[in-house]
Amino acid sequence: MFRFAITRLLQAVPVILVVISITFLLVHAAPGGPFSADKAVPPEVLKALEAQYNLDQPLWQQYMGYLGDVVRGDFGPSFKYPGRSVNELIASGLPATAELAFYAMLVALIIGASAGVFAAMRPNTMQDYLPMSAAMIGICMPSFLLGPLLVLIFGIHLEWVPVSGWGDAPGDKILPAITLGTGYAAYIARLSRGGMLEILSQDYIRTARAKGLSESLIITKHALRGGLIPVIAFLGPAFAGLVGGSFVVETIFQIPGLGRFYVQAAFNRDYTMILGTTIFFATLIIVFNLISDMIAIWLNPKLRQQGQGDN
Amino acid sequence: MDASIEKIDEAGSSLWQDAWVKLRKNRLAICGLVVLLLLGLVSLLTPWIAPYGYEEQNLILGASPPSAEHWLGTDIFGRDMLTRIMYGGRVSLTVGLIATAVALMIGVLWGATSGFVGGRVDAVMMRLVDILYALPFMIFIVLLMVVFGRNIFLLFFAIGAVEWLTMARIVRGQVMTLRKQEFVEAAYSLGLSQWTIIRRHIIPNTLGPVIVYTTLTIPSVMLLEAFLSFLGLGIQPPQSSWGLLISYGVETMEEFPWLLIFPGLTLSITLFALNFLGDGLRDALDPRTSKD
Amino acid sequence: MALLEVNGLKVHFHTRDGLVKAVDDVSFSVDCGETLAIVGESGSGKSVTCYSLLDLLPKPPAKIEGGSALFDGVDLLTCDSTQMRSFRSNDIAMIFQDPMTSLNPFITIGEQLIEPLIYNPDKSRTQTRSAARLRAIELLDEVGIIDPEKRFDCYPHEFSGGMRQRVMIAMALINEPRLLICDEPTTALDVTIQAQILALIKKLQQKRNVAVIFISHDLGVVAGIADNVIVMCEGTVRETGDTEAIFYRTQNDYTKKLLAAIPEGAKVMPSRLQQDSPMIEVKNLKTYFRDYGKPLAGARPEKRYIKAVDDVSLHIQRGEILGLVGESGSGKSTLGRSILQLAPITEGSVQFSGTEISALSRHQLIPWRRKMQMIFQDPYASLNPRMTVYETLAEPLLYHGLANAKTINHQVQLLMDDVGLARANLRKYPHEFSGGQRQRIAIGRAIATKPELIIADEPVSALDVTIQAQVLDLILDLVERHNLTMLFISHDLSVVRYISDRVIVMNKGVIIEIGETEALWASPQQPYTQQLLEAIPLADPKSERARLASAS
Amino acid sequence: MSQTTAYQNHKTATQSSSTHTTKTSTAALLFGAVMMVFLSGCGTDETNVSKGNETGTLHWGNGTEPQSLDPHIATGVPEHHIISSIMEGLVTKDSTTLEPKPGVAESWEISEDGRVYTFHLRHDARWSNGDPHTAEDYVWSWWRALQPALGSLYAYMYYAIDNAQEYYEGTITDFEQVGVKALDEHTLQVTLENPTPYFLQLLDHYSLFPVHRPTLEKFGAPDERGTRWTYEGNIVTNGPFQLTEWQINRRVVVERNPFYWDRDTVRLNKIIFYPTENAVSEERMFRSGQLHYTNDIPADKIPVYKESGDPTLEIAPYLGTYFYRINTNLAHLKDPRVRRALAMTIDREQITERITKAGQIPTYALTPPGTMGYYPPSDLSFDPEAARKLLAEAGYPNGEGFPVTEILYNTNEGHRKIAVAIQQMWNKYLNIEIQLLNQEWKVYLDSESAGDYQISRASWIGDYVDPNSFLDMFLCGGGNNRTGWCNEEFDRLILDEAPTAKTHAKRLEIFTQAETILLADLPIIPIFTYTSKHLVSPAIKNKGTNLLDQTMYKEIYLESDSGSNGGDN
């Protein structure tokens, strides 16, 4: 198992390199520079500015310089926030995004998995159709529609929950987590239902029933472990989606997360900030994918012993 | 042997006819299909049947609730919402269809080759898919849009490039199982070339799951487009799409609720219809059920 | 009053395509220490009868229409769920057909063994984990698992098929049940292991005076183990009686048809073996596969190979039917495929009437492929579901240029006649045919290119006994009419004896013995062959009991 | 509603499976518990505003996240709010009349020819770390601001000072020649190039604020942009408040500065600035009591507040004009008659009432009327008939042959609505085809400065209350001109005549002549003058409103209407 993790991490290095190069080229190809401003800037001042951020060097030299810095863990200064380094901005934005993603995942898993398992217990009955149609609504409802609706109902009319901000007022993490998590709760519900039905049709479930075990014991002890493997395998790509989804939720709920930084940086051509956040997101997602794959392998004893992922 | 060639009468019912019979029994899937056909028709005929001009403003009227002339009310410029939704539908559905087609093409080709060739090539191709899965695609799409401006074709390509991964995996899985089936081995023992085996034996048998997955990709693609439009990176005025209409509607949710409700409703109904149809097709085309 | 009295049992399935009367007014009874065998072909309702007793049928489609099943005076069909659960865990136990899928792969076998003890519905009998563990290890030893202490914490995938069935038996008996229902427990096992399992069940039954209901489609097995027998067909009981009455004084003609269909005795057809040079000459053939799995014995996982075919040399004479026998995993299928160049050969040579075909490229092989064809085991998987019968049969003819647009219809119809299928359903699809009919189509496809050699890999193992007999006769007739040579691969020794002139016995990739069929049966040289022959159950109670007595 | 159904059915899951303890139902109970913990924390009646009123803490919606608090680098309005709370210039302004008021300088004299200003600094002026605040600080600060490498965008504010422009552009290198001298510790003498009546207003602009030399030098070279001297804990300032906390994208907190010379009159203890980018979310925060003051109001919400007569709505005129720039180099836009026709077919009343809806005033000239008593002359009016005749005279009868023209605007809701409306008007009245092109902020700026546009949206906010702030924009080759329009007479009036005008009335008269020339050629189409629009909690007292929408934080105080602390409201 350990060997598997190491090989996967080693494979991640070229991936990140590819990510950096693509983003670097894309960013420098974008029209409009970081220093174009509405107030007229005399040419010589512009030159002095670009020199300070060595934008006047040839592109490949900048690329090499940047790679050198990244290896040392320094993501360079931010253009938009003079005096602030990208490391610092990411550090200030990361906790909010990570927390939001975690809570959204928690919401998705708890609601999604329990709804899916609940529906799989008695397929094609009301107990199955109700959660599944709710899941369908979850999938069809874009987050930027669901968020404002929730704010309107719970935030303003019922005054239960603050409408925005993160961490200042108690309870202000509920709505963003639910908004981001619902789409994935719906998807996980369908996945876990499919997984459970697949397992419940296996022979060893019939053996367990023939042994006189109670229905709920069969579900939790025998069926759950196998049934939820597709859900765990889904967590990796789901995290990548969550990160994307957080852009919108952060704008709706004014959450000081990495997503908002990224969108601002893209609009302001803050090259180092864009590169910094992209690398960070990519590493986060790769690590998360690795974790979810390892859990999926660890759950299956046959694979665990082979010590090799069979993908 | 002079046995006359009897007329071959009893036509067999192919798996497709079998699937159609089963699908017809599934009420939800059928009304999903009907809704989709209706929407397709409406968006095709929009230029002729739209009650008002696409850009026709009526500033004095401004945002008015549903009334006799404007069934679904008007937006802040006094433009008829029904017309806007129809034109928006054209864009959203085309984005959905074309992006899915892009995803379908790349996905099927990639999955089939990797599944069929197997061995080292398969390992490398699938490793690449896993890596691409790990990439923060949302970021690349944002960058692509920002860098190259927001023309529609780039949107199709960008969304398609995100969605083909899962398609590739499904097709690969399907091809891998088929390759081990005995009728493929029989085809090998006949001495057929690899390409004829793929064309005659593999592809027809993968169509089932591919069709099912396509019907499920379209809604997620439409959602992605709506999502990008909300961030201001998707469809740009004067064109509009349901996603854009919804994001405008959200801003004036309290004062002019109908600007949000009608486009939101249309998008949801379309997505519902697609999902129900997708589920119906999956049950109808599932080889397990058709084998008994 | 017998331990279990079932009378007038009716179970109907309300499926999408209408009502299916799976069990229609079935009555029988079984007492302690007694073994009742339920015999019937697939679809006869034998399994549904027993599953309905323990309420194991999926409720929405299945529905118990009527009848009663009194177990110790209590009607199983109407008791409430807690009562049923105590019956299941304490009084009635079940063993299932396929050991590979009947154990939960995610949980250790020890854990699954002690579940009935620690989660017992009536609290009085629940035991602590440690006590249950000891009890389970005791039972594992009793069913013949070597060093049960260590194997208690292993996972199902670390056991062979036979070992897993032993674990299933231990699991069934752990709570001292009074009735044991076995649903074809040995069908998926090799004949030698089948003999051991049957002996084990017999021994445990006598020791614990347990009533046993034994479901099977193999009359040989039933003859050995059963005290009474009921014969079922299409959901109804055709005949009941003790074993001797059924086998020697059969009244019902369906039972007669069943008994007649069992391939017995030597091959009746004269051997058409031609003594000239052999058609196929195989010298020191080796086919190895890389093994990714971790070896059981925990050896260092360096580059390891599974030696499927290990240095095999044989020759096939033109016109003969050469039988190839061996247990599962002996490499017989791989040998067949290697000869046909469908499997990659690691070493050795295969000559087809003189020319070395293992070195040829795909293109050069085409003319040779026309000469040698293959019939597969699973009728459901060997035909392309999306192609009509007409297309399946026309493909080889058109591809090898044996027919053109004009003559194709006629030639395909001739093929249909050859294999005994009505020309009318040429345009139908595989899923509209029964298992037997599909195998006929597969055979039609094989003989379409007028081959000289046919390799049949377990062509009849997946079929019911009556249909098996018809297909075997068809094969013999075709070999006769088309002057074919055949390599007949099977694990069923009586079938091989019935059809082949010469027999090769293989085990673990190596040929153990080759010989004339009757000579081999009369006096097997190698101990392994002897063991194989002795393990075949005979569909005759007296001789079967004699065999069992001598074997133990 | 999806969330509610999923949640309800989840509830049924807990009830129905509670009969037997299973893993699924324990997970559901756990989730229920977690939800309760969250919910219990809510519904508190103690909102920010009510708590703030007691503790003297002002919760201020501040728009976007401030880029930098270094007065010589910052450019945006959000930065201006924060900087003006923690720093103070030589001269400040009255919160309503904007008249100059003594700041760090206690008093000042101006020479007869209006070119030499002598400022007498307060003896008790201190930096927030206790250091004495001397005249030398100003000489050094202004030297630092004019360093080219620093790239200050407001360098042109210094051009009024003698030789400042020459030094900034590098023609002279010795700072001694620039007209700023520290006569002694508490007297600063400034010599201007020309008499500039509005110079005192310039001193209240943050680009001319003093910076604490030792702190700057501690964290890097004076002309280095990215030093950390403006961080919380590092920064030293001389204003009524001092920076105590700056969490990016979360909040900026300033608290009372004990060393401020006028500390007794400051009544607020703390101000918290929130980065409220999304106007819609900001309005929701205000309504749920999380903010005292909002930076903006969503256009469609204003009528709602107007109709309900809500006291929190505060709309006041703002020294800024919204206009369209025309690229006069293009063939079909070279002819002033065409430009005039375009200007006369914009129904400005429709736009301000139907689209912007925030009380903006339609305008037909560049400088907002009433700026220091100056009323610009304009003969423009909304007259489609005359416009069509003009267009015909210019060679495009009834719009035939008029090439398709593109309106460029930066991606923003407001601009989009206005552009769509004008497109429709020009199409209807002049029968010409108009296309819209929206580009993202940075790309739009590049296109405009490179002249790569036909008609482009633009706006200008005055830096100081004087017509010159608007009219000096359209000098030949002016950095912010970008229309390619050039008129010697106009330049002569603005550069030579106006500065040397003896009296204020004479100056205004010269500006009138200049603007008449401008409006005759119409390189730009003025549309409306801005209004500042905010939601202000009634608890805020003594804020006052002014043309530059600037706030004097040191004068504000909080009193909750419930009169709980016995305020004399």
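How many residues of chain A are in contact with chain B? Select both chains to find out. This is a predicted model. In it, 31 residues of chain A are in contact with 28 residues of chain B.

Stay on chain A and colour its helices.

Next, select chains A and D. Here 55 residues of chain D are in contact with 64 residues of chain A. On the chain D side, helices H1 (2-16), H2 (23-40), H9 (279-287) and H15 (441-449) give two or more residues each. The classes on this side are 17 nonpolar, 28 polar and ten charged.

Move to the largest nonpolar core, with 472 residues. Ala104(A), Ile188(A), Ala170(C), Phe488(C) and Ile525(D) have the most contacts inside it. Helix H4 (residues 86-121) of chain A provides the largest share, 20 residues.

Pick Ala170(C). Beyond its neighbours within four places in sequence, Ala170(C) is in contact with Leu113(C), Leu139(C), Leu140(C) and Val143(C).

Last stop: Val460(C). Look in the loop between strand E17 (453-457) and helix H17 (465-481) of chain C. Is Val460(C) buried or exposed? Val460(C) counts as buried because it has 26 C-beta neighbours inside 10 Å, and the cut-off for buried is 20 or more. Leaving out neighbours within four places in sequence, its contacts are Gln468(C), Val471(C), Leu472(C) and Val495(C). Check the C-alpha atoms of Val460(C) and Val471(C): they are separated by 7.2 Å, with the residues eleven apart along the chain.

Definitions and conventions:
Residues numbered from 1 in each chain as written. Chains lettered and ligands numbered in written order. Predicted model: local features only at pLDDT ≥ 70, side-chain atom pairs only at ≥ 80, totals over all residues. Contact = placed C-beta atoms within 7 Å. Helix = DSSP H or I, 4+ residues; strand = E, 2+ residues; numbered from the N terminus. Nonpolar A, V, L, I, M, F, W, Y, C, P; charged D, E, K, R; others polar. Core = buried A, V, L, I, M, F, W, Y, C linked by C-beta atoms within 7 Å. Buried ≥ 20, exposed ≤ 12 C-beta atoms within 10 Å, placed from the backbone.
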